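Hi everyone, thanks for coming. Let me put the structure up on the screen, and then we can walk through it together.

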Amino acid sequence: MIGTANGVRVGITGLGTCVPERVVSNDELARYVDTSDEWIVERTGIRERRIAAEDQALSDIALPAAEAALRDAGVDGASVDLLIVATVTPDMMFPTTSAILADRLGARDAAAYDLLAGCTGFMYAVAQAYGMIAGGLARRALVVGGDVLSKILDWSDRSTLVLFGDGAGAVVLEPVARGGFLGFELGADGAGGEHLWLPGSGSRRFEEPDSYVKMNGREVFKFATRVMVSSATAVLERCGLDVADVDVYVPHQANRRIIDYAAAKLGIPQERTIVNVDRYGNTSSGSIPLALADARADGRLREGQLVLMTGMGAGLTWGSALVEWTTNGSGASGAA
Ligand SMILES: CC(C)(COP(=O)(O)OP(=O)(O)OC[C@H]1O[C@@H](n2cnc3c(N)ncnc32)[C@H](O)[C@@H]1OP(=O)(O)O)[C@@H](O)C(=O)NCCC(=O)NCCS
């Protein structure tokens, strides 16, 4: 799917994040599996990640992220009429985590649902929220991307354990006077689904059911380096823009090598590329909002800048968006 904005300006007017307190270093993981800080840093760029407490579920980190995003936009939960939570680790299948959040935030008039698109979930959810607002169905959306993948990892499997972390981010989307989303490109390749999957997690019966993530790292690496480039190129072309126009590149934070490859192939210099995989690992749907928040905190994300975001992950799925960053939503303060 590829498309440009239909003239209705919709932007991100609030941004908030939350990560669990516990920091787990590579050295700590080396106590559980046969790995080393040196191997993990060299092959992935990851130095540490946040891991949820035993009694912490997705909504426990998604709620503070959502509250921070609403505060940032200067609006309250009651004004939200669409709430989407992108995740593969909801508190439970139902009630959905979005319904739980809607209740906690006082979003009584909101349509609320969870969305499953692997690590691309945040990009898919933002595109949906954009479409519903641009189409006149919703006025103000809260999109949360977050995962607590530590709960579905096999803590004795070094090939997956070292890559992932827990975290959540949230954004408020609403009509804006200037800037906003310019276009999206989203896709899926189910034929590659078995390279990153969670067999035994749904209605399909398996001989040996398994409730842990399984991954063919090399295949996912090849897929990732391909789609990170093709998706970004496609959305730029469709919007009539060039890679030189991109001020801030926010790639999914899966692996430093994948990010460096994509940025180099696209021709985006390092100083415009946001990287925080070293501190959080791959937080799945939390990755892009966490990176946006870091970019804003270090002064790289400002009013009027062209931001390119690209996610990819299980499905296999991918998705890109181009947005002219704006701070002029209808709320009191707007995003700084
Ligand atoms: C997983 C990944 C880091 C592995 O890196 P790689 O350079 O491809 O490494 P390889 O798979 O070739 O493995 C090299 C060796 O390291 C070993 N190894 C794998 N994981 C290891 C770990 N955590 N610690 C130490 N050694 C490890 C392998 O067993 C292999 O050993 P062998 O040569 O004796 O068989 C890389 O393939 C990757 O990032 N893939 C994408 C994963 C991803 O991003 N998934 C999420 C997408 S949303």
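Here is a question to start: leaving aside its neighbours within four places in sequence, which residues is Asp81 in contact with? They are Asp109, Ala110, Ala111, Ala138, Arg139 and Arg140, where contact means heavy atoms within 4.5 Å.

Before going on, a word on what you are looking at. This is a predicted model, so local features need pLDDT of at least 70 and side-chain atom pairs count only at pLDDT 80 or more, while totals for chains, interfaces and linings use all residues. Residues are numbered from 1 along each chain as its sequence is written, and side-chain values use heavy atoms, with hydrogens and water left out.

The pLDDT is the predictor's confidence in each residue, from 0 to 100. Its mean over the protein chain is 95, and 97% of the residues reach 70 or more. Please be careful with residues 332-336, where the pLDDT is below 50; this stretch has 19 contacts in the model beyond near neighbours in sequence.

Back to Asp81. You will find it in the loop between α3 (58-73) and β5 (82-86); helices (H or I, at least four residues) and strands (E, at least two) are DSSP runs, numbered from the N terminus. Asp81 counts as buried because its relative accessible area is 13%; buried means under 20%, exposed over 50%, and partly exposed in between, with a 1.4 Å probe and protein chains only. A polar atom of the Asp81 side chain lies 2.9 Å from the backbone nitrogen of Arg139.

Now to the sheet that includes β5. Five strands make an open sheet with mixed pairing, in the order β2-β8-β7-β5-β6; two strands pair if DSSP finds at least two bridges between them. Why is one side of β2 (10-18) and of β6 (111-115) left without a neighbour in the sheet? Both stand at the edges, each with a single partner strand. Strand β2 pairs with β8 (residues 166-175) in the antiparallel sense over eight bridges, and Thr17 sits opposite Gly169 in β8. Helix α3 packs on this sheet, touching β2, β5, β7 (141-148) and β8, and its direction makes about 135° with that of β2. Those angles run from 0 to 180 degrees between N-to-C directions, with axes fitted as lines to C-alpha atoms, for helices over the stretch in contact. Helix α10 (residues 287-297) lies across β2, β7 and β8, at about 95° to β2.

There is another open sheet of five strands, also mixed, in the order β1-β9-β14-β13-β12. Its edge strands are β1 (2-4) and β12 (248-251), each pairing on one side only. Strands β13 (residues 306-313) and β14 (residues 317-324) run antiparallel, joined by eight bridges, with Leu308 opposite Leu322. Helix α7 lies across β1, β9 (180-188), β12, β13 and β14, running at about 145° to β13.

Ala234 is in that helix, α7 (residues 217-238), and is partly exposed, with a relative accessible area of 25%. Not counting residues up to four places away in sequence, Ala234 touches Ile2 and Glu185.

Last stop, the ligand. Of the 23 residues around it, Thr35, Arg43, Gly217, Arg218 and Asn255 come nearest; a residue is near if one of its heavy atoms lies within 4 Å. An oxygen atom of the ligand is 2.7 Å from a side-chain N or O atom of Arg43.

Methods: A polar contact is a pair of N or O atoms within 3.5 Å; within protein, one must be able to donate a hydrogen and the other to accept it, and residues adjacent in sequence count only if both atoms are side-chain atoms.
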